[in-house]
Amino acid sequence: MTSNLSKRVAVITGGASGIARAVCRQLGREGIKAIGVVDFNEAVRGVCTEINAELGRECLIPYQGDVTDRAFRSHVFADMKHRAGPVTICVPAAGIVRDGLAVKVDKVAKTAKLYDQDLMEKTIAVNLIAATYWAMETIASVAVARAERGQNGWKGGDDVQGEIVFVGSISSAGNKGQVAYAATKAGLEGVRSTLAKEAIYYGVRVAIVHPGFTNTPMVQAMDQKIIAEHVLPKTQLGRLITPEEIADAICFMIRNPAVSGALWADAGWHPPA
Ligand SMILES: NC(=O)c1ccc[n+]([C@@H]2O[C@H](COP(=O)([O-])OP(=O)(O)OC[C@H]3O[C@@H](n4cnc5c(N)ncnc54)[C@H](O)[C@@H]3O)[C@@H](O)[C@H]2O)c1
């Protein structure tokens, strides 16, 4: 199995809420040494205080900032290294959804409006580019720590050096009204498979979990009528997935070095044609 979590340091983004908050709680319960919990919502501080109190130790360290901010990202990794040791686990889960049809026609004016390009760029910046760079920063953290110990390439064996789990989505397969979001989540597949091939040189595994509709503020903000009529009846569960169920899938991917690639935690629902 992967090395003892009690010596491991993680960075989880989007940790003030939903899936990432549940990942922080579970990794804490599984005995991880320290987690840098990143979110631009100030609620991240209260979440860390609450989970630390549950755990009975100062495991979670809050960092309030924007994941697209490069200087902030460098600061988090440097500060975590100083406080707890080099970061070797990352779940770059911070994400946004900005739905809208790709092309919308005004039948009266006989004009067509394209999906807002600023929203496209913003969604890509947060969901794809930032997630990729937080992951690459983690690979760099492992590689530098190895170099500092006089080690280069990892030779294999049981002591896997690092784990990254991206949070994709069922929408990566294409979903009506989600041209931006789907592009970012499908993009993460290409990033994941490329980083997996490069990072194993340093002993870092890279995986992705594709959740279905999960009961978090992101989904609670959506049109509940659409979810009730078009999603829930077609799932295996007849209900939304819980953040804890997705967190468990992510922690499984972190914990078990025999598992690679993608895990679909979708309750059997896939976007229709
Ligand atoms: N909820 C679902 O059904 C579902 C399904 C598939 C994938 N996902 C993915 O799971 C991840 C977590 O989503 P969630 O459902 O828990 O949503 P959520 O809205 O509960 O949590 C997302 C968190 O990310 C933070 N965030 C957003 N932009 C940020 C930024 N620029 N910098 C720092 N923090 C930022 C938010 O403040 C929030 O706390 C996302 O990547 C989402 O796309 C969610």
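Two strands pair if DSSP finds at least two bridges between them. Keep that in mind for the sheet. One caution before I go on: this is a predicted model.

Let me start with a pair of strands. Strand β7, residues 162-167, and strand β8, residues 204-211, pair in the parallel sense, over 6 bridges. For one example of a partner, take V167: its bridge partner in β8 is V209.

Now the sheet as a whole. In what order do the 7 strands of the open sheet come? The order is β3-β2-β1-β4-β7-β8-β9, and the pairing is parallel. At the edges are β3, residues 60-64, and β9, residues 261-265, and each of these pairs on one side only. From one strand to the next, the twist averages 15°.

A helix lies across part of this sheet. Helix α3, residues 70-83, lies across β1 (9-13), β2 (34-39) and β3, and runs at about 155° to β2.

Next, two helix pairs. Helix α4 covers residues 117-148 and helix α5 covers residues 179-199; they pack at an angle of about 20°, with their axes 9 Å apart. Why is α4 called roughly parallel to α5? Because angles under 35 degrees count as roughly parallel, α4 is roughly parallel to α5. Their crossing is right-handed. On the α4 side the contact residues include L119, M120, I124 and L128, and on the α5 side they include Y181, L188, V191 and L195. By class, this contact of α4 with α5 has 14 nonpolar, 5 polar and 1 charged residues.

The second pair is α1 with helix α8, residues 243-255. These two pack at an angle of about 60°, with their axes 8 Å apart. That angle makes α1 oblique to α8. The crossing of α1 and α8 is also right-handed. Among the contact residues are G18, I19, A22 and V23 of α1, and P243, I246, A247 and I250 of α8. The contact of α1 with α8 has, by class, 9 nonpolar, 2 polar and 2 charged residues.

Last, the ligand. How many residues surround it? There are 26, and the closest are G14, S17, G18, G95 and T216. G18 has come up already, as one of the α1 residues in contact with α8. Helices α1 (18-29) and α6 (217-220) each supply at least two residues of the shell around the ligand. Sorted by class, that shell has 15 nonpolar, 9 polar and 2 charged residues.

Terms used:
Residues numbered from 1 in each chain as written. Predicted model: local features only at pLDDT ≥ 70, side-chain atom pairs only at ≥ 80, totals over all residues. Axes fitted to C-alpha atoms, helices over the stretch in contact; angles between N-to-C directions. Helix = DSSP H or I, 4+ residues; strand = E, 2+ residues; numbered from the N terminus. Parallel < 35°, antiparallel > 145°, perpendicular 65-115°, else oblique. Left-handed = near helix turned anticlockwise from the far one by under 90°. Contact = placed C-beta atoms within 7 Å. Nonpolar A, V, L, I, M, F, W, Y, C, P; charged D, E, K, R; others polar. Near = placed C-beta within 6 Å.
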